[in-house]
Amino acid sequence: MTDTTELRESHLRSLLKAITYRITGTLTTALLVYFLTGNLQIALAVGAIEPLVKILIYYLHERAWQLVPPGAIRRWRARLRAQ
């Protein structure tokens, strides 16, 4: 029998993964902007602003989902199937 606590990730590991994921995404965006524009200054500016904009968009997305009552999607799918 395997000890499942060994298979679970620690909070620190999850946090580090989230940070490195965000860094990777921001660097990817900055590199894409650089390759599309050839302008390092614009690429760095977009790379600096992008995480802030994405945090705002994520927050607004989460708040919008708060307007959808729990179970609403299941009820909607059930009505579609019944038709």
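Which residues are buried in H2? Keep that in mind; the tour gets there at its third stop. One caution before you start: the model is predicted.

**Stop 1: the whole chain**

Show everything as a cartoon. From the N terminus on, the order of elements is α-α-α. Now zoom out. Along the principal axes, the C-alpha atoms fill a box of roughly 55 × 45 × 20 Å. The radius of gyration is 20 Å, whereas a compact globule of 83 residues would have one near 12 Å. Colour by burial next. Of the 83 residues, 11% count as buried.

**Stop 2: helix H2, end to end**

Select residues 40-66. This is helix H2, with 27 residues. From its first C-alpha to its last it reaches 39 Å, close to the 39 Å expected at 1.5 Å a residue.

Start at its N-terminal end. Select Asn39, which caps H2 there. Draw a distance from a side-chain oxygen of Asn39 to the backbone nitrogen of Gln41: it comes to 2.9 Å.

Move along to Glu50. Here H2 bends by about 30 degrees. Look for a proline that follows within four residues: it is Pro51.

**Stop 3: the buried side of H2**

Select Ala43, Gly47, Glu50 and Pro51. These are the buried residues of the opening question. What do they pack against? Show residues 11-37 as well: that is helix H1, and the buried residues of H2 pack against it.

**Stop 4: Thr29, seen from H1**

Stay with helix H1 and select Thr29, which has its place there. Is Thr29 buried or exposed? Its relative accessible area is 18%, so Thr29 counts as buried, the cut-off being under 20%.

Which residues does Thr29 touch? Leaving out residues up to four places away in sequence, the contacts are Val46, Glu50 and Lys54. Show the side chains of these residues.

**Stop 5: the Lys54 and Glu50 pair**

Side chains of opposite charge can pair when their charged atoms come close. Look at Lys54 and Glu50. Their side chains meet in a salt bridge, 2.8 Å from N to O. How far apart are they along H2? They are 4 residues apart in the helix, which means a separation of about one helical turn.

Compare the surroundings of the two partners. Glu50 counts as buried, at 7% relative accessibility. Lys54 is partly exposed, with a relative accessible area of 41%.

**Stop 6**

How many salt bridges does a search of the whole structure find? The count is 4. Go to Glu9 for others. Select Glu9 and Arg13: they form a salt bridge, with the closest N and O atoms 3.1 Å apart.

Glu9 counts as partly exposed, at 38% relative accessibility. Arg13 is partly exposed too, at 47%. Lys17 is partly exposed at 43%.

**Last view**

How values were computed: Residues are numbered from 1 along each chain as its sequence is written. This is a predicted model: local features need pLDDT of at least 70, side-chain atom pairs count only at pLDDT 80 or more; totals for chains, interfaces and linings use all residues. Side-chain values use heavy atoms; hydrogens and water are left out. Helices (H or I, at least four residues) and strands (E, at least two) are DSSP runs, numbered from the N terminus. The expected span of a helix is 1.5 Å times one less than its number of residues. The bend at a residue is the angle between axes fitted to the seven residues ending there and the seven starting there. Buried means under 20% relative accessible area, exposed over 50%, partly exposed in between (1.4 Å probe, protein chains only). Contact means heavy atoms within 4.5 Å. A polar contact is a pair of N or O atoms within 3.5 Å; within protein, one must be able to donate a hydrogen and the other to accept it, and residues adjacent in sequence count only if both atoms are side-chain atoms. The radius of gyration is taken over C-alpha atoms; the globule rule is 2.2 Å times the number of residues to the power 0.38.
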